[in-house]
Amino acid sequence: MPNIVAIVGRPNVGKSTLFNRLTETRAAIVDSVAGVTRDRHYGKAIWGKHEFTVIDTGGYITGSDDIFESEIRKQVQLAIDEANVILFVVDVIDGLSDFDKAVAQLLRKCKKKVLLVANKVDNHERINNSYEFFELGLGEVNCISAVSGSGTGDLLDKVIEDFQEEPEVTDESLPRIAVVGKPNVGKSSFINALLGVDRNIVTDISGTTRDSIETNYNSYGFNFTLIDTAGIRKKAKVDEDIEFYSVIRSIRAIEYSDVSFFMIDATEGFQKQDQNIYYLIEKNKRGVVILVNKWDLVEKDHKSTADYEKKIREAIKPFDDVPILFISALTKQRIHKALETAMYVYQNRTKHISTSQLNEIMLPIIENTPPPSYKGKVIKIKYITQLPMHYPAFAFFGNNPQYIKEAYRRFLENQLRQNFDFCGVPIRIFFRGKD
Ligand code: GDP
Ligand code: GDP
């Protein structure tokens, strides 16, 4: 299950500095999502065997320069609702404030794991100043310096202490399909259209987690697990909250699934917020089928779908090799086709191309269009193999691989897509040295 770590605390204690450190220090293996909201408040971190989501909840609060009791309550509540671990950051230079006491009071009552973090402990003398925070009644005070990084390793060890290991994916596992998208695009209606066909074909899986509803769907030749996170909707008062919750819902659903139905509203087109969620699917390397829902509401002429499709492909570049379907959850138009397409994408994501087949097809292509040499260094690719990963990933072995440019990587990706069909799935290419 996805692990979510939320950072809370009053303004200027160093929340975003800590966020940046947790999500960016190990740049090679860590990925941050740009533009999830106005700024970046959501990122991914890896520590030990665990990959987890970090949220700077402070970033979701409007007017956070002025401290309003209600604003902070809201921030803490978001963290309590959505995170597995809460990092409560206080400032050792400023010392204990009434404000910290108010936040601590909220956190003491919650059932989530809370780690108290004293930031700006840039030198040993400041450790002495951290003792006063014991008064908050949240146990141990974890001293760190977000700027230098000292103490953050120990903190991360504690963060992941209770995380469960990802279960092994076995061949017998059913495809896991999620429905994601902005609020009101029609996710629930679509799920009802699917399940409403015959309620008896739906069986609840025992032991499913609280934050997702999983149902086995077995009908009309389809057998998969439907991940439904849309059903548990919070009452949100302001836009900011709606954005926050819908992003968190999407993160969860995407991380739980193999393939996502990514739904947009035909009457609105592909919007900025849609782009953010789409980006999350790509970054998490999940399969995707784009559903343009409420197609019944669109006035059509003979070229409507082609035009519409073109606009979407433009908006989702560079990962635009994906199926796009025009459906109506209301009239059930093309619902069956949607399921068929999700299964096809699932197959594309799980298939394995043999090394001999890869080399037979790709090496002549590379010979015809070799990577351009760089500063007199000749780059030669000698063989290719698919890596044993949960999504399609390929290693290209050769000499001087470090000089291969992004444009050539993209060329290879396109060739793989044209020759082997990875429609709907992000793929990854690694270059490796070979003597
Ligand atoms: P936020 O409002 O809680 O997100 O706080 P910021 O991350 O924006 O940090 C507020 C200020 O504290 C900035 O000027 C940071 O450079 C500074 N700061 C953050 N972490 C540290 C630290 O470990 N030591 C020191 N001395 N300053 C820090
Ligand atoms: P969710 O928030 O994404 O789960 O969206 P809902 O399923 O709650 O749908 C939001 C609104 O759009 C509701 O009023 C639905 O009746 C309506 N709706 C959903 N799908 C369709 C559709 O295919 N056509 C039309 N005309 N309305 C739809």
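Which backbone oxygen does the side chain of Asn 400 reach? In this predicted model, the side chain of Asn 400 reaches the backbone oxygen of Val 378 at 2.9 Å. A polar contact is a pair of N or O atoms within 3.5 Å; within protein, one must be able to donate a hydrogen and the other to accept it, and residues adjacent in sequence count only if both atoms are side-chain atoms.

Residues are numbered from 1 along each chain as its sequence is written, and chains are lettered from A and ligands numbered from 1 in the order in which they are written. Local features need pLDDT of at least 70, side-chain atom pairs count only at pLDDT 80 or more, totals for chains, interfaces and linings use all residues, and side-chain values use heavy atoms, with hydrogens and water left out.

Asn 400 lies in the loop between strand 15 (393-399) and helix 12 (406-420). Helices (H or I, at least four residues) and strands (E, at least two) are DSSP runs, numbered from the N terminus. Asn 400 has 22% relative accessibility and counts as partly exposed. Buried means under 20% relative accessible area, exposed over 50%, and partly exposed in between (1.4 Å probe, protein chains only). Leaving aside neighbours within four places in sequence, Asn 400 is in contact (heavy atoms within 4.5 Å) with Lys 377, Val 378 and Ile 379. The C-alpha atoms of Asn 400 and Arg 432 are separated by 8.5 Å, and the two residues are 32 residues apart along the chain.

The charged end of Arg 432 sits over the ring of Phe 430, 5.6 Å from its centre. Lys 405 lies over the face of Tyr 374, at 3.7 Å from the ring centre. A charge sits over a ring if NZ of Lys or CZ of Arg is within 6 Å of the ring centre and within 35 degrees of the ring normal.

The structure holds 15 aromatic pairs. Rings of Phe, Tyr and Trp (its six-membered ring) pair if their centres lie within 6.5 Å; planes under 30 degrees apart count as stacked, over 60 as edge-to-face and the rest as tilted. The rings of Phe 52 and Phe 163 have centres 5.7 Å apart and planes at 65°, so this pair is edge-to-face. The pair links distant parts of the chain, 111 residues apart: Phe 52 is in strand 3 (residues 50-56), and Phe 163 is in the loop between helix 5 (152-160) and strand 7 (176-180). Both Phe 52 and Phe 163 are buried.
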